[in-house]
Amino acid sequence: MTHLTGSSESAPRDEYTHGHHESVLRSHTWRTVANSAAYLIPELQAGSVLLDVGCGPGTITVDLAHRLAPGRVVGIDASSDIVARATGLAADEGVHNASFQVGDVYALAWPDATFDIVHAHQVLQHLADPVAAMAEIRRVLKPGGVFAARDVDYGGVMIAPNIDGLVDWMRVYREVHAWNGGDPDAGRSLKAWARRAGFTAVTSSASIWCFASDAEREWWGESWAVRVTESSFAAHAIESGLADLADLERMAVGWREWVRDPNGWFGMPHGEILARA
């Protein structure tokens, strides 16, 4: 997922907290339909036309294209570099029914009633006006079409053991996320936002990412140990005055301590919705 920038009168900022550092893309390219959109699988019918909003490097989008063939899948993202990367992935995998372009979730470049499905993974949490984005998504859905959204809820994140650096990371991350105009606890609000956007039939569910094995801790923890000092999160934390470089370096130490601890466990709960147009 990558945030799609748009105008909003409700917040002074509308920024993607993570940015596109390689440490961020390392986790984004791990994502598949099975581990990030399993709740959507029963809705996937061959021949459907799908829009993937905030497609990021395209791993979920390409997976969806495989499942919907001969249907057409379009992925949009705010970053032209990320769009190029996703286009390359589709070419490498020989997927011809997926295309990618730069786009804005607040002003989608399609007529009313174009898509059978619109999918958004880890997008709405970063938007200053998620209800406006959902209303625009509803506009491009065909009657009876489905909007599928999944977002983490940082208010429910579970970390063990209780390492000081990670306690600080969790506090600062939530504050930076909100400073950027987003909602770090978006998962719990998806249903309410969808209803406010005009969806009347909304089914909710929840799922969790869990990182606990030695391999999972090394992959997830090392990724974050780099992110906290080198990604856009670090720049935003310093710019906002919520942390300085020494604070961020302590967080990186905390993440690496967690990686080494055989008792380390990290759970990320997600809210999910299927909303009918």
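1. Helix H8 covers residues 214-230, and its length can be checked. At 1.5 Å a residue, its 17 residues should span 24 Å, and the C-alpha atoms at its ends lie 24 Å apart, so the two agree. The buried residues of H8 are Arg217, Trp220, Gly221, Ser223, Trp224, Ala225, Val226, Arg227 and Val228.

2. This is a predicted model, and its confidence should be read alongside the geometry. The average pLDDT of the protein is 91, and 90% of the residues score at least 70. Over residues 1-12, however, the pLDDT is below 50. That stretch still has 46 contacts in the model beyond near neighbours in sequence.

3. On overall make-up, the secondary structure comes to 10 helices and 8 strands. The protein has 277 residues, of which 55% count as buried. Its accessible surface is about 10,900 Å², and carbon and sulfur atoms account for 51% of that area. Among contacts with a separation of 6 or more, 80% are between residues 24 or more positions apart.

4. The largest nonpolar core has 32 residues. The members that touch the most others are Leu51, Val118, Leu124, Met134, Phe147, Phe199 and Ile273. At least two residues each come from strands S1 (50-53), S2 (73-77), S4 (115-121), S5 (141-152) and S8 (265-276), and from helices H5 (130-140) and H7 (190-196). Helix H5 gives the most, with 5 residues. Apart from this core lies another, of 28 residues, including Val157, Ala243, Trp255 and Trp258.

5. Phenylalanine 199 is one of the core members listed above. With its neighbours within four places in sequence left aside, Phe199 is in contact with Met134, Arg138, Leu141, Phe147, Ala194, Ala275, Arg276 and Ala277.

6. Glutamate 136 is found in helix H5. Is this residue buried or exposed? Its relative accessible area is 13%, under the 20% cut-off, so Glu136 counts as buried. Beyond its neighbours within four places in sequence, Glu136 is in contact with Val105, Tyr106, Ala107 and Leu108.

7. Tryptophan 110 has its place in the loop between strand S3 (98-102) and S4. With a relative accessibility of 15%, Trp110 is buried, because buried means under 20%. Leaving aside neighbours within four places in sequence, Trp110 is in contact with Leu51, Val74, Ile76, Gln101, Phe115, Arg139 and Val140. Trp110 and leucine 141 are 31 residues apart in sequence, and their C-alpha atoms are 9.9 Å apart.

8. Helix H3 (residues 59-68) is mostly covered, with 8 of its 10 residues buried. Those residues are Thr59, Ile60, Thr61, Val62, Asp63, Leu64, Ala65 and Leu68.

9. How many disulfides does a search of the whole structure find? The search finds 0. A disulfide is a covalent bond between the sulfur atoms of two cysteines.

Methods. Residues are numbered from 1 along each chain as its sequence is written. This is a predicted model: local features need pLDDT of at least 70, side-chain atom pairs count only at pLDDT 80 or more; totals for chains, interfaces and linings use all residues. Side-chain values use heavy atoms; hydrogens and water are left out. A disulfide is a pair of cysteine sulfur atoms within 2.5 Å. A nonpolar core is a set of buried Ala, Val, Leu, Ile, Met, Phe, Trp, Tyr and Cys residues joined through side-chain atoms within 4.5 Å. Buried means under 20% relative accessible area, exposed over 50%, partly exposed in between (1.4 Å probe, protein chains only). Helices (H or I, at least four residues) and strands (E, at least two) are DSSP runs, numbered from the N terminus. Contact means heavy atoms within 4.5 Å. The expected span of a helix is 1.5 Å times one less than its number of residues. Accessible areas come from the Shrake-Rupley method with a 1.4 Å probe; for residues, only the protein chains shown count as cover. pLDDT is the predictor's confidence in each residue, from 0 to 100.
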